[in-house]
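Here is a brief report on one structure.

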Amino acid sequence: MISIGLDIGSVAAKGVLIQGGRQYQMMVPTGWSPRTAGEQLIDDLLQSSGHRPHDVHSIVVTGYGRVAVMEASRTVTEIKCHARGVAELYPQIRTIIDIGGQDSKVIQIDSQGRVVDFAMNDKCAAGTGRFLQVMANALGLDVSELAAYEDPEQAATINSMCTVFAESEIIGLLAQGVDKGSIIAGLHLSVGKRVAAMARRLGIAGQVAFTGGVAMNQGVKRSLEQELGCKVLVPEVCQFTGALGAALIGLDAAA
Amino acid sequence: MEKMSSVEDFAKIREVNILLIKEAKETGQKVVGIYCTYCPQELVLAAGAIPVSLCGTKEDPIAKAEEHLPRNLCPLIKSSYGFAVSDTCPFFHFSDLIIGETTCDGKKKMFELMQEIKPVFVMQLPHLNQTQASMDMWIDEMRRLKGFLEEKLATEITDEAIWQAIDVVNRETAAAKAICDLNQVEPPPLNGLDLLTVTWSRGFNSNKEEVIAMLDGLQKEYSSTDKESTPRKPRVLLTGCPVGLGTEKVIRLVDEVGGNVVAMENCSGYKTLELQTDTEYDDPLVALAHKYISIPCSCMSPNPYRMELLERMMNDFKVDAVIDLTWQACHTYNVEAYEVSKLVKSKGIPHLHLESDYSNSDLESIKVRIEALLEMVEQ
């Protein structure tokens, strides 16, 4: 039984292939064509695992580009896929925070890994990976470098939630000579506050799992822990949680 | 001798009635435009005028409205005003008078601007509906409206005429409720869009007896046909802000992702359909005041009847999931969404609160939420 899960996000497309006890992972930039990204992932996964297209039993696709992938056996929402992925990685977890390129969400699951409730950010980019990317540009950094530069002891206050206004605000702070590290810490705090408020509205039980590309940022993780007052667990494969969940859903359906 | 009727007949109501109203105007009949279910249309009928719903559920005139109104106002208010100020709602065009209510701050102040276009009578709606002072004031507002209609329409409104109108509206309400109740069975005879077409369009009909006959005919049509059994689709209850044709995106998306809106607890839907004017009162205005103040709009504080109604509807319509739709900047529905979510979750039913406007800019993000909601039903 070979099951593929694809998570076609706004920035990166992630794929997981499961065969027996083995797992293969691939990631490509989504670019302008979610369909091409999906096709490429399938090719790459087959190549690295040494299989051929007709060996594959199921391809479950999730993410904003889910409907574009023609090879899909079925599409499932990111919400259900993250729930399934986290249930596999951390069976004790009941609350998931996922921050991706263009949205952030909080998912509550029960002991069976079923979705009980969820909340997503509204259409604006505040509290998403996009927010951090725009701010990184304004600071002349790559988004992956943010955490390394931050100075959490001296966090600046960023008042604007709106991406456009926050960008002007940090340009103003730089002009006043505020240290980059303080600004970055302030930005992480701003994302943490925004997402933590959404999580508290749903209610938090015990520890929290943090997934999605932004989970690689230690500063956002720390600010979430600070805001939520609980431990935040980040899976090693945080970016692949949705794709893993999708592949597992394919396996579950066959079982 | 009752005629059968179809959803298509209801879909044609607006088109057909524009002409009927035009003709009626030419014979000297008066037309009174109304926006809200709080308007006691019985008084308009008793004055011998035609009460008609006005447009306010499309995005098209919003840009025009924003020349006068703030952008971050509820789209329903902007759309209503935009239609009026751009003269693109034929029903507004033919109206001699407009009746509004102080259901919210935005509407109240918008009606002041609308006065520039047509005579607008604004009823002051009390928001604490369980006190004697509120009731006295509301009865007083009924009298004031009656006086206004008598003066502007140069007619006398007799008690007898009001009682007659009460009887007509009671029958129309019962007939509309009977249609909505058809969907308590599985599979539901009407899909979400059909249900909206029927309940929303009926307000644009100029002849009450005709619309009652159409509703009865539709009920007959659906009770006599055997629906073939289809795979069960998740049954969704829609609650929250008013929805009409032009702003049915949530209903369409539910259908697109494999669910079915079987019931709607909102203004043109079930919200008012249990309410019958009690004919035991001596004074018809008192009778009307009691009925209208019972409407469970979120502008009432507190608003327990809405929660009772929702709970009953969740049971009666065997609902699998609830979607609560708030239009941007509707504070009262937006705040009440918290109470609604607590109630729905306490029943173990999946719940989704959406905040949106009349545009299509958020279709994808709303769709993924609705899909996830239906996945919660299926798991």
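**Chain A overall**

The model is predicted. Chain A holds eight helices and ten strands. Its radius of gyration is 19 Å, close to the 18 Å that the globule rule gives for 255 residues, so chain A is as compact as a globular protein of that length.

| Property of chain A | Value |
|---|---|
| Span of the C-alpha trace along the principal axes | about 60 × 35 × 30 Å |
| Buried share of the 255 residues | 50% |
| Share joining residues at least 24 apart, among contacts between residues at least 6 apart in sequence | 69% |

**A helix pair in chain B**

Two packed helices are described by the angle between their axes and the distance between the axes. In chain B, helix H9 (residues 159-181) packs against helix H11 (residues 208-224). The angle is about 25°, and the axes lie 9 Å apart. Angles under 35 degrees count as roughly parallel, so H9(B) is roughly parallel to H11(B). The crossing of H9(B) past H11(B) is left-handed.

Which residues make the contact? H9(B) contributes B:Val168, B:Arg171, B:Glu172, B:Ala175, B:Ala176, B:Ala178 and B:Ile179. From H11(B) come B:Lys208, B:Val211, B:Ile212, B:Leu215, B:Asp216, B:Leu218 and B:Gln219.

Conventions:
Residues numbered from 1 in each chain as written. Chains lettered and ligands numbered in written order. Predicted model: local features only at pLDDT ≥ 70, side-chain atom pairs only at ≥ 80, totals over all residues. Axes fitted to C-alpha atoms, helices over the stretch in contact; angles between N-to-C directions. Helix = DSSP H or I, 4+ residues; strand = E, 2+ residues; numbered from the N terminus. Parallel < 35°, antiparallel > 145°, perpendicular 65-115°, else oblique. Left-handed = near helix turned anticlockwise from the far one by under 90°. Contact = placed C-beta atoms within 7 Å. Rg over C-alpha atoms; globule rule 2.2 N^0.38 Å. Buried ≥ 20, exposed ≤ 12 C-beta atoms within 10 Å, placed from the backbone.
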